[in-house]
Amino acid sequence: MSDCIFDKIVAGQIPSDIVYQDDAVMAFKDINPKAPTHILIIPKKHIVSISHLTREDLPLMGHMMEAAKKVAAHQGLQAYKLVINTGADAGQVVMHLHMHLLGGKKLETPV
Ligand code: 5GP
């Protein structure tokens with residue numbers, strides 16, 4: 001059995017507040033929100049990070065972006081930020097690729 005916390009969320013072994021899912025992706029509320037809306041969008045397939053993507057994963061990334069657009073619209077967000085931390089030094093703590101969808105307040109631009 002996987003030790004990955006997000007694999008366990010996908011498998012239903014750890015509860016989460018799911019806002020969207022389909023055959024390939026899942027979106028659920030972040031347990032420690034950094035904005036009024038803070039949702040994590042993940043592939044159901046275990047991929048460690050952007051650095052671990054293969055060419056065959058590229059449609060899945062497009063699918064994740066489309067899911068982010070749907071979730072943002074469903075949450076009533078007109079402005080939002082999508083963030084993918086990649087690698088520990090960039091702040092990635094959970095080693096399962098995930099996209100943060102942040103919104104609901106004025107957000108600072110990191111770069
Ligand atoms: P990272 O720093 O890896 O980019 O972001 C990981 C995110 O996962 C953090 O914002 C953290 O709050 C969230 N997180 C960690 N464990 C859990 C969990 O068990 N459930 C949920 N819903 N979010 C989690």
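This is a predicted model: local features need pLDDT of at least 70, side-chain atom pairs count only at pLDDT 80 or more; totals for chains, interfaces and linings use all residues.
A polar contact here is a pair of N or O atoms within 3.5 Å; within protein, one must be able to donate a hydrogen and the other to accept it, and residues adjacent in sequence count only if both atoms are side-chain atoms. Residues are numbered from 1 along each chain as its sequence is written, and side-chain values use heavy atoms, leaving out hydrogens and water.

**Ligand contacts**
- A polar backbone atom of V93 is 2.6 Å from an oxygen atom of the ligand.
- H100 brings a polar side-chain atom to 2.8 Å from a ligand oxygen.
- On its own the ligand exposes 520 Å², and the protein buries 85% of that (Shrake-Rupley method, 1.4 Å probe).

**The shell**
- There are 17 residues around the ligand, with D30, G91, V93, H98 and H100 coming nearest (a heavy atom within 4 Å counts as near).
- α1 gives the most to this shell, 3 residues (helices are DSSP runs of H or I, at least four residues; strands are E, at least two; both are numbered from the N terminus).

**The pocket**
- α1 also supplies the largest share of the lining of the largest pocket, with 3 residues (a pocket is an open set of points on a 1 Å grid over the protein atoms alone, where a 1.4 Å probe fits, with protein on both sides within 12 Å along at least five of seven lines; lining residues have an atom within 4 Å of a point).
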